[in-house]
Amino acid sequence: MKSRYSAASWSRALILLAAFSMSRTLLAQDWKAPPSVVNRPNPVPANANTIALGQKLYVGNCMMCHGQAGKGDGPGAAALEKRPADLTARIRSGETDGELFWKISEGRSPMISWKGTLSETQRWELVNYIKTLAGK
Ligand code: HEC
């Protein structure tokens, strides 16, 4: 039986597909915090009280996109042009408190900047809470 598609057209399609998925991966991963914030210490001690405060903030402001467990699968995520980061994976791969705080503060479309809405202390409490989602 003769195939309707030539080997060349299949490999062209595969190359396009690979380039497309690579560019999507790069887009989602190239968000780097500036080096100056990486080692910024978290002034809010992580304890039961501050983690509970962070959880409350997370449920009210973040869960609709980032999902209950931080995997990026909240009910609002499907409508976004970019899938939210899997926070647990980022934290396990070594993202620091300073980097998380900076990203939460600055935001990047489609995520807004939270520094206008949440106080510094609240943003550090969120860092403490999302680290517990990653088992840290
Ligand atoms: C409208 C949906 C939405 C909401 C609400 C939202 N985020 Fe995001 N968030 C995103 C998306 C999408 C990204 C990925 C942005 C990118 O990589 O350009 C992201 C990225 C992040 C990152 C960076 C991940 C990394 O390591 O690169 C952190 C941290 C984060 N969000 C925390 C939060 C916190 C905390 C809240 C609540 C205060 C929140 N987000 C609310 C959609 C959202």
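View 1. Two nonpolar, three polar and five charged residues make up the lining of the second largest pocket; here Ala, Val, Leu, Ile, Met, Phe, Trp, Tyr, Cys and Pro count as nonpolar, Asp, Glu, Lys and Arg as charged, and the others, Gly among them, as polar. Lys-32, Arg-90, Ser-93, Glu-95 and Lys-103 lie nearest the centre of this pocket, which 10 residues line. Its volume is about 210 Å³. A pocket is an open set of points on a 1 Å grid over the protein atoms alone, where a 1.4 Å probe fits, with protein on both sides within 12 Å along at least five of seven lines, and lining residues have an atom within 4 Å of a point. Grid points are joined across faces, edges and corners, and the volume is the space filled by probe spheres set on them.

This is a predicted model, in which local features need pLDDT of at least 70 and side-chain atom pairs count only at pLDDT 80 or more, while totals for chains, interfaces and linings use all residues. Residues are numbered from 1 along each chain as its sequence is written, and side-chain values use heavy atoms, with hydrogens and water left out.

**View 2. The largest pocket holds about 710 Å³ of space.** Among its 32 lining residues, Trp-31, His-66, Pro-84, Ala-85 and Met-111 are the closest to the centre. Helices H1 (7-29), H3 (48-61), H4 (63-66), H5 (87-92), H6 (97-106) and H7 (120-133) each give two or more residues to the lining; helices are DSSP runs (H or I, at least four residues), numbered from the N terminus. By class, the lining has 20 nonpolar, four polar and eight charged residues.

**View 3. H6 packs against H7 at an angle of about 125°.** Their axes are 9 Å apart; axes are lines fitted to C-alpha atoms over the stretch in contact, and angles run from 0 to 180 degrees between N-to-C directions. That angle makes H6 oblique to H7, a label for angles that are not under 35 degrees (roughly parallel), over 145 (roughly antiparallel) or 65 to 115 (roughly perpendicular). Phe-101 and Ile-104 of H6 are among the contact residues, as are Trp-124 and Val-127 of H7, with contact meaning heavy atoms within 4.5 Å. The contact residues divide into seven nonpolar, three polar and four charged.

**View 4. H3 and H7 cross at roughly 95°.** Their axes come within 7 Å, and the angle makes H3 roughly perpendicular to H7. Residues of H3 including Leu-53 and Tyr-58 meet residues of H7 including Leu-126 and Tyr-129.

**View 5. A cis peptide bond joins Ser-109 to Pro-110.** Omega is near 10° for this bond, and Pro-110 is found in the loop between H6 and H7.
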